[in-house]
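Work through the exercises below with the sequence and the model open. Each task is followed by a solution in steps.

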Amino acid sequence: MKLSAFKNQLSQLEQIAFKLPDGSLVPSHFHVTEVGKVVKHFIDCGGTERLETVVNFQLWEANDYDHRLHPEKLVSIIELSQDKLGLPDVEIEEEYQAGTIGKFGIDYNGEHFLLTNKLTDCLAKDSCGIPPEQLKKPKVQLSEAQNTCAPGSGCC
């Protein structure tokens, strides 16, 4: 989700709720301790120079159970950050403490902001020695897979 879409959604809410990939909710007394612009300048395994920018929010919780961050307050924090840091309208990345600091994408389901799993990927598959047959994932209609999927069939 891009920053503009996140702000737009916040402006329509009375309260903010974040849901983790396992279905549990981030405790409602969370804080947003950082809003930042993260620029990653790197070279992929194929030798291509790349530049990625995300807007980063860090969610944190303390023992102040009466604390509630209201949508209009978070919008004002974002607007201050846009002014001071020149935040672009790019994808948001959320950080939240799990076993270590977890980085998540973000989506919205009409009720909660969903913290979505982020995955690593090779950005230069064509030049780093991955066999072509491993690059292509077979496309299967879900209705077909549900009717033919059985142990040993290769679809599970």
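## Exercise 1: hairpins and sheet

Task: find which residue takes a positive phi in the hairpin of β5 and β6.

Solution. In the hairpin of β5 and β6, four residues lie between the strands, and Gly-110 has a positive phi near 95°. Strands here are DSSP runs of E with at least two residues, helices are runs of H or I with at least four, and both are numbered from the N terminus. The model is predicted: local features need pLDDT of at least 70 and side-chain atom pairs pLDDT 80 or more, while totals for chains, interfaces and linings use all residues. Residues are numbered from 1 along each chain as its sequence is written, and side-chain values use heavy atoms, without hydrogens and water.

Task: give the strand order of the open sheet and its edges.

Solution.
1. β5 and β6 run antiparallel and are joined by five bridges; two strands pair if DSSP finds at least two bridges between them. Asp-107 has Leu-114 in β6 as its bridge partner.
2. β4 (residues 92-97) pairs with β5 (residues 101-108) in the antiparallel sense over four bridges. Glu-95 is partnered by Lys-103 in β5, and a hairpin of three residues joins the two strands.
3. β1 pairs with β6 (residues 113-117) in the parallel sense over two bridges. Lys-19 stands opposite Leu-114 in β6.
4. The six strands have the order β1-β6-β5-β4-β3-β2, with mixed pairing. β1 (18-19) and β2 stand at the edges with a single partner strand each, so one side of each has no neighbour in the sheet.

## Exercise 2: an aromatic pair

Task: classify the pair of Phe-6 and Phe-57.

Solution.
1. The structure holds five aromatic pairs. Rings of Phe, Tyr and Trp (its six-membered ring) pair with centres within 6.5 Å; planes under 30 degrees apart are stacked, over 60 edge-to-face, the rest tilted.
2. For Phe-6 and Phe-57 the centres are 5.3 Å apart and the planes at 45°, so the pair is tilted.
3. Phe-6 in helix α1 (residues 3-10) and Phe-57 in strand β3 are 51 residues apart, so the pair links distant parts of the chain.

## Exercise 3: the largest pocket

Task: which classes of residue form the lining of the largest pocket?

Solution.
1. A pocket is an open set of points on a 1 Å grid over the protein atoms alone, where a 1.4 Å probe fits, with protein on both sides within 12 Å along at least five of seven lines; lining residues have an atom within 4 Å of a point.
2. The lining has five nonpolar, two polar and six charged residues. Ala, Val, Leu, Ile, Met, Phe, Trp, Tyr, Cys and Pro count as nonpolar, Asp, Glu, Lys and Arg as charged, and the others, Gly among them, as polar.
3. β2 (30-43) and β3 (49-61) each supply at least two lining residues.
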